[in-house]
Amino acid sequence: MAPKVHTFDEVASHNKKDDCWLIISGKVYNVTPFLEEHPGGDEVLLTSTEKDATNDFEDVGHSDDAKATMQKFYIGEIDKSTLPSNQKYTPPPTAASTANQDSGSSSKILLFILPLLILGLAFVLRLYSKKE
């Protein structure tokens with residue numbers, strides 16, 4: 001029997017704690033019964049709904065046992081033609097970024113100077129304690 005083919009919108013509508021489906025590597029999984037057992041917690045799975053969660057899944061580096069466990073939750077394939085096109089990152093407007101640069105520069109200087117001050121203070125305290 002051929003696997004059931006699901007549309008992206010159909011899978012995306014299953015995005016709640018009591019009804020959670022994921023798309024991983026072109027396959028659709030109903031992970032609702034696994035939410036409470038998931039070692040990373042249910043929130044990790046819930047944040048992977050409404051998108052292709054393949055990268056999320058692969059980034060964690062799941063074990064072979066985890067991949068075998070997934071098969072229990074397999075319910076079909078995704079119709080790849082219904083997947084949304086990848087959104088490209090668009091940087092914020094330059095006016096906003098120049099406003100933040102001033103505070104960013106001072107914090108970078110502070111991050112450099114603060115460890116030097118702490119190191120200098122430690123050196124002075126050590127030198128002072130040896131003289132006593």
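Is Asp 42 buried or exposed at 18% relative accessibility? The first view takes this up. The model is a predicted one, in which local features need pLDDT of at least 70, side-chain atom pairs count only at pLDDT 80 or more, and totals for chains, interfaces and linings use all residues. Residues are numbered from 1 along each chain as its sequence is written, and side-chain values use heavy atoms, with hydrogens and water left out.

**View A. Asp 42 and its contacts.** Asp 42 counts as buried because its relative accessibility is 18% (buried is under 20% relative accessible area, exposed over 50%, partly exposed in between; 1.4 Å probe, protein chains only). Asp 42 belongs to helix 2, residues 42-46 (helices are DSSP runs of H or I with at least four residues, strands runs of E with at least two, numbered from the N terminus). Leaving aside residues up to four places away in sequence, Asp 42 touches Lys 17 and Leu 35 (contact means heavy atoms within 4.5 Å).

**View C. Strands 3 and 4 side by side.** Strand 3 (residues 19-24) pairs with strand 4 (residues 27-30) in the antiparallel sense, over 4 bridges. Here you can find Ile 24 opposite Lys 27 of strand 4.

**View D. Leu 110 in helix 5.** Helix 5 spans residues 94-131 and holds Leu 110. With 52% relative accessibility, Leu 110 counts as exposed.

Technical notes. Pairing = 2+ DSSP bridges.
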